[in-house]
Amino acid sequence: MAMKGMMHLPIVRKIELRDFSLYQLAPIISEEVRDGVFCLAGANGLGKSTFLAAVNYAITGIVSDPERRFESAEEYYKDSLDFAGEYFTGRIRDQHRETAEVTLDIEVAQARYRITRGMFTPTELREFKVVRQTSSGEETVAPDASTDSAKLHRLFVENILKDTGLASFPQLVFLQHFVLTFDERRHLLFWDQKALEQALFLAFGVDAKKAEEAGNLRRKTEKLDSRARNFRWQATNDRNKANMIRNALGGSETDEDTKDLLEIYSKLMRSIDEGKQKLEKRQDALNDALLQLAELSSKEATLRSTYETEFTRIIKLGSAVSSHPMVVQAINSRKCHICGAEGASVAQKIQYEIDSQRCPLCSSKISSKPDNTSKFKTLREIDEELKRLKEPFTAAQKKTARLRVELTEAQVELNAAERKFEIFEQQHRKLVLKQGAGQSSDSVLRTIKDLEERAKELDAKADKERHERDLVRKELVKLQRMIENKYIAAENVFVPLFKNLAFRFLGLDLNITMEMKASSGVNLLIELNSDPRRQHHELSESQRFFLDIALRMALADYMVPVGSRSCLYVDTPEGSLDIAYEARAGDMFAEYVKKGHNMIMTANINTSQILRNLAEACGHKQMTLCRMTEWAELSDVQLAEEKRFEEAYKVIEKALGRR
């Protein structure tokens, strides 16, 4: 029987979130993660998906962009670094951008990590510490407080690669986002051949560096093939130009063919369009922010005017001056805002003058008529409203300042793109002029010859690129044969893992086989009742989702050593399930946990069978239910049905054996 893998995966033990504006009721969240299932249950729109994204971001510095396709682990990591900032903007208010952070305690093999990452600094850490058990005792890596945040991130990368056994940090990012996480993207590993091939290389015991090499070779063949096509296209383009000039010399009238535009022309046009869209998006965001700021300013001005009017009315009625804004501000701040004097004595002096029935500013006698506190109710209400306006007003100012900078940057980028296009257009116009009647016959013939010679050179370059592509492809096929052999050796262990999980959900026996094609590489094929299902539309939505989760569970189980844990992160797609399959999905999750693995999952809190069955199967010793409704405010519709949420929680708690 084949051995299981030897890779070690990160196991989250504690999650702390600070200043996530999305979770208004809980500025600081701290949750212990016990072995088994950690289920974050809540209502729609409370931030369940954001929670999973934040956990993965803490480990990888990346938030998955649903629009980005997987080409290679290296490219995915590099190209995704900027998306986290876009994702968390809006979920975190501007006044919290500097303080918002996520902290994780993680176990990897014999090491325990503690890391803290700011939500807008993906390649930096605010805190890093690792304690590793070795044969000679504990080994601690804990840099001092003066260590640069970028260096802390590099130390984390260096250490976690040592403990996981991976060859590069992008490989860890790939595993977290494409294998161990099924989130709101609903990305299907079964039907993403490039991602699946990389997952199989890592899962089936191929050396991590070989897996990295395979990914690089795959990407290199694609780039060589693309360059070869481009050279061939340009060669054809030049021949067409030569023929156009010949036609012109023969007296025929030929309009400039659209094929005269090189590929770079399309790229420049796209960059301008994208730049305009980005500029428009930034301008719209700034306009919205300015409107919000104007509304807040108007509201503040109205409140202050109302305050002054009401205060004047009370003064005319003979009331005390102790509630005048200048007096209140001076006493509270212990500072005279006329002469600048500061200290407790300032407040005491002002209060003494008021108690002595004298004006604190000019010492004139004031009315001794006792205050009627009811007269000041409106003033107190306005003062409270002004205090409540302070935070959103400050946030709006910061947001406006940030968006002005982003708008300027977007304009600079667009200007640069338009300038590049103008230069290209001028060059292209010169090329067109060369074909006009203003040239001599020798000059025209020379132009034809130059074009034909360049076409030959481009053909030669295309042939060279294709030859190199074929050589690289041969090296890739060797590695693909290696993974094919590894899979055959592991088949009697891995396939039963998957079939068991899939049967728990489907109630049907299915099989998966590996196939390798020269054009597409290594792939897994699902067979249901001996009928291959090559296209994702050949299965229902719920079948696709939960079979893909079953594949991830089987891969995670297989790639770690016997007795070691893996952890899956699942944003449960219960909305795709009908009532017949809800209980079976819970059974599938429970089977994975009973094999000694962990899950961090999110789910809507309702009375569906998926959570009840999972709770009954795991019990309170293997499942933790976290009430997300205590983190964020419910909508009016949800508040009206709050009793139902409580009833649903009670059903799950009872199934856990706690009630």
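Helices here are DSSP runs of H or I with at least four residues, numbered from the N terminus. Keep that in mind for what follows.

This is a predicted model, so local features need pLDDT of at least 70 and side-chain atom pairs count only at pLDDT 80 or more, while totals for chains, interfaces and linings use all residues. Residues are numbered from 1 along each chain as its sequence is written, and side-chain values use heavy atoms, with hydrogens and water left out.

I start with helix 9, residues 325-333, where Met326 is found. With Ile338 and Leu361, Met326 makes a nonpolar surface patch of about 330 Å². A patch takes residues with over 30% relative accessible area and no salt bridge; nonpolar side chains (Val, Leu, Ile, Met, Phe, Trp, Tyr) are joined within 5 Å, and like charges within 9 Å. The areas come from the Shrake-Rupley method with a 1.4 Å probe, and for residues only the protein chains shown count as cover. Met326 counts as partly exposed, because its relative accessibility is 43%; buried means under 20%, exposed over 50%, and partly exposed in between (1.4 Å probe, protein chains only).

Next, Ser72. This residue lies in the loop between helix 1 (48-60) and helix 2 (73-80). Ser72 is buried, at 5% relative accessible area.

Now the charged pairs. Side chains of opposite charge can pair when their charged atoms come close. A salt bridge here is a side-chain nitrogen of Lys or Arg within 4 Å of a carboxyl oxygen of Asp or Glu, and the structure holds 40 of them.

Which residue forms a salt bridge with Asp105? Arg114 does, with the closest N and O atoms 2.8 Å apart. Arg114 is partly exposed at 25%, whereas Asp105 is buried at 12%. Both belong to a network of salt bridges that also links Lys14, Glu16, Glu32 and Glu127.

Another salt bridge joins Arg469 and Asp225, at 2.5 Å from N to O. This pair links distant parts of the chain: Arg469 is in helix 12 (residues 441-506) and Asp225 in helix 7 (residues 208-249), 244 residues apart. Arg469 is buried, with a relative accessible area of 13%.

Last, Lys349 and Glu353 form a salt bridge with their closest N and O atoms 3.1 Å apart. They are separated by about one helical turn, because they sit four residues apart in helix 10 (residues 344-355). Glu353 is buried, at 6% relative accessibility.

Terms used: Helix = DSSP H or I, 4+ residues; strand = E, 2+ residues; numbered from the N terminus.
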